[in-house]
Amino acid sequence: MPSLAGLFFWMNIKLENIKKLDVTKPLKLDCGKIIKDFPIAYETYGKLNDNKDNAILVFHALTGDQFVTGTNPITNKEGWWVTAVGPGRAIDTNKYFVICANVIGGCMGSFGPKDINPVTKKPYGLDFPVITIKDMVKAQESLLEHLGIKKLLCATGGSMGGMQLLQFCATFPDKAFSAVPIACSSSHSAQNIALNELARQAIMADPVWDNGKYVLKNSQPKNGLAVARMVGHISYLSEKGMQEKFGRKLQEKADYEFSFNADFQVESYLRHQGYAFVERFDANSVLYITRAMDYFDLSKQFKGGLVEAFKNQKTKFLIISFSSDWLYTTKDNKDIVIALNASGADVSYSEIVTDKGHDSFLLDEPEFLKTLKGFIDSMYEKFKNEKRI
Amino acid sequence: MKNLKMKKEFKVIADLLPNNTRVLDIGCGDGSLMHLLRIEKNIEVRGLELNQDNVKECIYKGLPVIQGNAETELHQFPDKSFDYVVLSQTLQAFYEPEKVLKNLLRIGKSVIISIPNFGYWKVRIKLLLFGEMPVTKTLPNTWYNTPNLHMCTIKDLFNFCDEKNIIIKKVVGVNENKTSLIKKSNLEIKNLFSKVGIFLIG
């Protein structure tokens, strides 16, 4: 494995060659601070047609980025949603123009804690302002303006991507013709916050973290960050799915080693996921993004609660949940459906039966992908007709 | 097959509904009725359906559908949030039809219910003369695999509405391609010759 410092140096060089929009319009954050002249890194797939009615905005999840499909030019690995997006896929890039932006607070080129603070000429670290889901969404709206898209055919996203989408629809009720929030929630539960806190504490307990100042030394609290990632991975799988995948199987050995090495396959899996993650993700970004998720409570923003948040919605919704998802449960998703119903919105809902837990939205889950495709294709026909009239 | 058979019934239901209204179809199946109502009457439709394949089919057609169980999940729809709620041939399959009916009347300003008529003469003969549970085109299942828990006749539902002070606005009897209005005066005879009864109540 190359040294982390070398790796980050190489990553920074590559990050200079990706698509970026410099947002000059000042953005007032929920915390009260104002940011301006900040970068939004993004990627697009497919072609925007002349009528500009085939644009689909994808919001990424906690550890995602703008590289939805194809090969991620920074990591040289497959895009995170290659199962759903691409030529001939459910979200067909031969037909649709797909846009995805890295969230602010992230570490793939958008304004984040790794960036240089113009005042101190050093990376922000913990001087970076605390951001919210609403801030992320508002920042991305500038990108749509830049791309000249008045109304999206569809916006979609799973997990935190779904939360951004709900926020997007509440804040900009006329920007999307249709929306597919997947495996998400309208507010973070105590358990959700607890799991995020566990991830943050793991990072902060690593002495290398040093109050976020590790960036100055070009290092990374990789042990803490790896543990944070392991916590996440446990929450993305279901108990049954995990049992079926790993059971008590041993990792390339016939018997116990009577040591603390990774005897079990599940341990090996978690370690691998943890240490692969530190090569592509910034520890401070995890702190900032998980915080944004914890602060997310859509009903708190509106006096009348969630129903009020979706008042006068013209967007056509399809909510999808997965039966074995215990991170953002079917009930969490149904609460969104109930609120949309109560506000009179056009809403569909489907629960996909699967053992694969929260991760299902990233996997090749045929029933899910067929439903997603069916919805988007039928919405496209409608959107075209509506525009013609 | 199911849809061909149901076409006449759907036509009757569509005729009962005014244009440009908001309609909730409970147990909307593959969305055939919703599609008909949207195309022919410009009705704003919503569906509730339990079966995953049917839900998918509705979504493919661009029809808004919520996957869920009408027995337990009607609470999600607010009071009087629809002009009409339609329940086609499923009342008899609920554990607690009375509770479901109450919920329908809460959600809709009016309710349309259709029932397979257990008072139809062929059904009566099957039980009376042959001593067997009736299996007909409208009631295709046998006793051991039928989803129907609370079979009733047009007369039963008529009397039920009277007892519960539910206003009956219109009742239509359907036999193959023939339809007829059912009133108290012709109830006995229509109860004998209608395969399906369609009630507009509330």
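**Core, helix and interface**

Modeller: Leaving aside residues up to four places away in sequence, A:Ile56 touches A:Ile91, A:Tyr96, A:Phe97, A:Val98, A:Leu152, A:Leu153, A:Cys154 and A:Thr156; two residues touch, or are in contact, if their C-beta atoms, placed from the backbone, lie within 7 Å. This is a predicted model, in which local features need pLDDT of at least 70 and side-chain atom pairs count only at pLDDT 80 or more, while totals for chains, interfaces and linings use all residues. Residues are numbered from 1 along each chain as its sequence is written, and chains are lettered from A in the order in which they are written.

Biologist: Which residues touch the most other members of the largest nonpolar core?

Modeller: In soluble globular proteins, nonpolar side chains tend to be buried together. Here the largest nonpolar core has 165 residues, and A:Ile56, A:Val58, A:Val98, A:Leu153, A:Cys154 and B:Val85 touch the most other members. Such a core is a set of buried Ala, Val, Leu, Ile, Met, Phe, Trp, Tyr and Cys residues joined through C-beta atoms within 7 Å; buried means that 20 or more other C-beta atoms lie within 10 Å of a residue's own.

Biologist: Which residues are buried in helix α6 of chain B?

Modeller: In α6(B), residues 154-163, B:Ile154, B:Leu157 and B:Phe158 are buried. They line one face of the helix, because they fall within an arc of 105 degrees seen down its axis, taking directions from the axis to the C-beta atoms. They pack against β5 (108-116), β6 (168-175), α7 (187-193) and β8 (196-201) of chain B.

Biologist: How many residues of chain A are in contact with chain B?

Modeller: 20 residues of chain A contact 14 residues of chain B. α12(A) gives the largest share of the chain A side, eight residues. Helices (H or I, at least four residues) and strands (E, at least two) are DSSP runs, numbered from the N terminus.

Terms used. Buried ≥ 20, exposed ≤ 12 C-beta atoms within 10 Å, placed from the backbone.
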